[in-house]
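Look at the sequence and the model first, then read the points below.

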There are 2 protein chains.
Amino acid sequence: MAEAEVKLLGTWSSPFVLRIKWALKLKGVEYDFIEEDLQNKSPLLLKYNPVHKKVPVLVHDGKSIAESYVILEYIDETWKENPILPEDPYQRAMARFWSKFGDEKFLPSMWKFFISQGEKREEALVSASENLKILEGELKGKKFFNGETLGFADISLGWIVDTVSLLEEIMELKMIDEQRYPSLSAWMKNFSDFPGIKDSFPPQERMLTKYRTLREAYFATTRGTN
Amino acid sequence: MAEAEVKLLGTWSSPFVLRIKWALKLKGVEYDFIEEDLQNKSPLLLKYNPVHKKVPVLVHDGKSIAESYVILEYIDETWKENPILPEDPYQRAMARFWSKFGDEKFLPSMWKFFISQGEKREEALVSASENLKILEGELKGKKFFNGETLGFADISLGWIVDTVSLLEEIMELKMIDEQRYPSLSAWMKNFSDFPGIKDSFPPQERMLTKYRTLREAYFATTRGTN
């Protein structure tokens, strides 16, 4: 039987795509990466993700799966070696819970801080800091979210490592320092030191240009009212 | 060994809580239901869901799990009888995909329609109708989302059955009719006819009062600008 064909539709800069790359790498799954231009979506993307028209999309044996957490679960269930979810149902629930927290609470709060000005920016900082404290509390005394083994929640929240340093550089301030967030800082180091992770982040300079442009465009559109 | 203790913290009217009740019922799991007042959150809720302070929360053997989809996965992994997710990884991915679609795309579009006026209302109707068409397409020729067996996606989207009829009554219009949405209409019937489902919806009159009040409060706050 021929090797199952795996394709990943993504963009070079998306943190949601990056987590799929990490999972496939951990599993040792070979795949073709297809770079999408979201300003000019390909017929392939529209065919494989007609509902959301977004990346990432995983195509396996001609069947497509969208939504990054749905894809992560699929990968873990399809390629059993190096499981990214623990066995115990409660531990699995915690991995899913923290992943959702990252996308639904922490990420929006960081983004709001990044694109806000004046009073709104101060409010956004309070909210982002509260979420950082929650993560700090959760990671206390642990190497990874589930203990000693890198897994689902680490992959899901791994975007913090490079995104926060980008935001920090652009905003010229330190968000996550070792004094206030020792456990979170240690986790960031543990994660990026993990074999195969450090070299997988998108090029820093290109990301800086992208995020600077995004931020300026946002300020220009909202005229600083948000 | 004593029976494992299961508690569900919820509110009588929440569709997110209702899906947990349905899953526990399908599994035949006995539990204590603890009604929460979200205007005056109990110490128990704050203890068991300190991050989001929301319902539903499932407490099993003293350990708490929040977020309705995380809870559904936990229930399916903990009580194996009557699985709500299929075995096949791709089918599981589809069940998760449609559940997410319901909460992240369809529900917000319906809600926006419900609380909008004037031009915004027309825009919201277009968006809600597009989502209804997507669901209609997905359900074509199928009894339930996964085929013949009621499962994860049906439980996740089951709120449509009573919520849409409430919105229809309050707005005095028909959103889901058999002519335009025959498959979706048939699914709604199949779902509510399923043993144990029909009698589980919250009391219609009480829900009507709640939703009418919510809508009027919203209009009063936004003065019809949204």
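B:Tyr74 is buried, with a relative accessible area of 5%; buried means under 20% relative accessible area, exposed over 50%, and partly exposed in between, using a 1.4 Å probe and protein chains only. The model is predicted, so local features need pLDDT of at least 70 and side-chain atom pairs count only at pLDDT 80 or more, while totals for chains, interfaces and linings use all residues. Residues are numbered from 1 along each chain as its sequence is written, chains are lettered from A and ligands numbered from 1 in the order in which they are written, and side-chain values use heavy atoms, with hydrogens and water left out.

- B:Tyr74 belongs to helix α3 of chain B; helices (H or I, at least four residues) and strands (E, at least two) are DSSP runs, numbered from the N terminus.
- From B:Tyr74 to B:Ala93 the separation is 19 residues in sequence and 16 Å in space, C-alpha to C-alpha.
- A:Trp22 sits in helix α1 (residues 15-27) of chain A, and its relative accessibility of 2% makes it buried.
- A:Trp22 and A:Val161 are 139 residues apart in sequence, and their C-alpha atoms are 14 Å apart in space.

**The cavity**

- The structure has 1 cavity of 30 Å³ or more; on a 1 Å grid over the protein atoms alone, a cavity is a set of points where a 1.4 Å probe fits but cannot get out, and lining residues have an atom within 4 Å of a point.
- The largest cavity holds about 240 Å³ of space, where grid points are joined across faces, edges and corners and a volume is the space filled by probe spheres set on the points.
- Its lining has 16 residues, and those nearest the centre are A:Tyr69, A:Glu73, A:Lys100, B:Tyr69 and B:Lys100.
- Two or more lining residues come from each of α3 (68-78) and α4 (89-114) of chain A, and from each of α3 (68-78) and α4 (89-115) of chain B.
- By type, the lining has 6 nonpolar, 2 polar and 8 charged residues; Ala, Val, Leu, Ile, Met, Phe, Trp, Tyr, Cys and Pro count as nonpolar, Asp, Glu, Lys and Arg as charged, and the others, Gly among them, as polar.

**Helix α4 of chain B**

- Of the 27 residues of α4(B), 20 are buried, so this helix is largely enclosed by the rest of the structure.
- α4(B) has a kink of about 40 degrees centred on B:Gly102; the bend at a residue is the angle between axes fitted to the seven residues ending there and the seven starting there.
- At 1.5 Å a residue, α4(B) should span 39 Å, and its end C-alpha atoms are 38 Å apart, which agrees; the expected span is 1.5 Å times one less than the number of residues.

- Most residues other than glycine have a negative phi, and most peptide bonds are trans.
- A:Lys53, in the loop between α2 and β3 of chain A, has a positive phi of about 55 degrees although it is not a glycine.
- A:Lys53 is partly exposed, with a relative accessible area of 36%.

Definitions and conventions
1 Å grid on protein atoms, 1.4 Å probe; cavity = no way out; pocket = protein on both sides within 12 Å on 5 of 7 lines; lining within 4 Å.
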